Amino acid sequence: MVTEFMNPLADKYIRKKALPLIFCPGCGDGTVLNIFLRAVEEMGIFPDLALVGGIGCSGWLPTYIRADVLHVLHGRAIPFATGLKLTDPRRKVVVFTGDGDGVGIGGNHFIHGARRNIDLTVIMMNNGIYGMTGGQVAPTTPLHGRTQTSPYGNIEFPFDVGDLARAAGATYVTRWTTAHPKQLLRAIKEGIEHAGFSFIEVLSQCPTQAGRYLEGTSDPGELLTLFKKRAIAVERARSTPAQDLRGRIIVGKIHHVTEKKEFSKTLYESFPAEAADNQDHP
Ligand SMILES: Cc1ncc(C[n+]2csc(CCOP(=O)(O)OP(=O)(O)O)c2C)c(N)n1
Ligand SMILES: [Mg+2]
């Protein structure tokens, strides 16, 4: 068993008994874990954290953190997180999900969480594939992408999950990749601070499945270089013709509004007696 780390953040926050990580070497989800812990440290919010993970490689991420963690049914992280937030609104509730978990099986819960504008921070590790189960086609797999279940190329159009979140009612939407660690750190902090449904999409390289099948390389360095080459800032993308955006990854803050009321506030204002009963409510 691991007893000590070189990294002081890992020493402080990682649940050593849960190691080793399920992630393959070079998986982007390790970067997300690292950056999330930095955000927690810089914000000093560890005692208030409650984490929820879905099913998939990405869904395992919170289980390595020594916080209060729910590891729940496939696609159901947002309903569990909703219940948790409503019973203890002071908690900073963060959901870790994958593209399959979040907008495949869990797509319905995703849009309704966004519609309600409940104060959750949803971090979606999008690798464009069902990684954990062997590389099946996902709702985010690019058109023509070859996977284990689309060997002749994907014939379905993928979701733009940021657009989906925004259209459904999310009030903070941002997209970065694991090749943008500083920007991702800022986005996670801002998303946690934002009182409403915050959606943080992180394109996360999957050398074992998506890399091998979709990109033709399992080299994490090459996959990170591809992220950097393809990234285009959202401000620049707005004045770029649509045909020139094909294959590009639009990164940055896609949407941020503060006027829309947060769901748990509305609920407790509507039922003041219940709010008074709930000792935890501020
Ligand atoms: C109800 C149910 N259906 C299917 C599965 C099998 N399953 C486990 S993980 C997964 C896909 C996860 O994909 P994603 O959310 O993209 O996570 P990744 O592994 O890519 O991070 C599937 C289909 C399951 N565990 N439970
Ligand atoms: Mg996935």
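Exposed means over 50% relative accessible area, and buried means under 20%. The views below come from a predicted model.

**View 1. H144, an exposed residue with a positive phi.** H144 lies in the loop between β4 and α6. Its relative accessibility is 60%, so H144 counts as exposed. The phi of H144 is positive, about 75°, although H144 is not a glycine.

**View 2. N117, a buried residue with a positive phi.** N117 sits in the loop between α5 (107–116) and β4. Here phi is about 55°, a positive value, and N117 is not a glycine. N117 has 0% relative accessibility, so it counts as buried.

View 3. Is T141 buried or exposed? T141 is buried because its relative accessibility is 0%. A polar atom of the T141 side chain lies 2.7 Å from the backbone oxygen of G128. Leaving aside residues up to four places away in sequence, T141 touches G128, I129, T147, N154, E156, P158 and L214.

**View 4. Backbone atoms beside the oxygens of ligand 1.** A polar backbone atom of G100 is 2.9 Å from an oxygen atom of ligand 1. For I129, a backbone N or O atom lies 3.1 Å from an oxygen atom of the ligand. M132 has a polar backbone atom 2.9 Å from an oxygen atom of ligand 1. Taken alone, ligand 1 exposes 590 Å², and the protein buries 72% of that area.

**View 5. The largest nonpolar core.** This core has 39 residues. Inside it, the residues with the most contacts are F36, I123 and I188. Helix α2 (residues 28–43) supplies the largest share of the core, seven residues. Which residues does F36 touch, not counting residues up to four places away in sequence? They are L49, L51, I65, V94, F96, I123, I188 and I192.

**View 6. The cis peptide bond at P20.** A cis peptide bond joins L19 and P20. Its omega is about 5°. P20 is placed in the loop between α1 (8–13) and α2.

**View 7. E269 on helix α11.** Helix α11 (residues 263–270) holds E269. The relative accessible area of E269 is 51%, so this residue is exposed. How is the side chain of E269 paired, and with which side chain? It makes a polar contact of 2.5 Å with the side chain of K261.

Methods: Residues numbered from 1 in each chain as written. Chains lettered and ligands numbered in written order. Predicted model: local features only at pLDDT ≥ 70, side-chain atom pairs only at ≥ 80, totals over all residues. Heavy atoms only, no water. Polar contact = N/O pair within 3.5 Å; in protein donor to acceptor, adjacent residues only side chain to side chain. Areas by Shrake-Rupley, 256 points an atom, 1.4 Å probe, with all protein chains shown as cover. Core = buried A, V, L, I, M, F, W, Y, C linked by side-chain atoms within 4.5 Å. Buried < 20%, exposed > 50% of the residue type's maximum accessible area, 1.4 Å probe, protein only. Helix = DSSP H or I, 4+ residues; strand = E, 2+ residues; numbered from the N terminus. Contact = heavy atoms within 4.5 Å.
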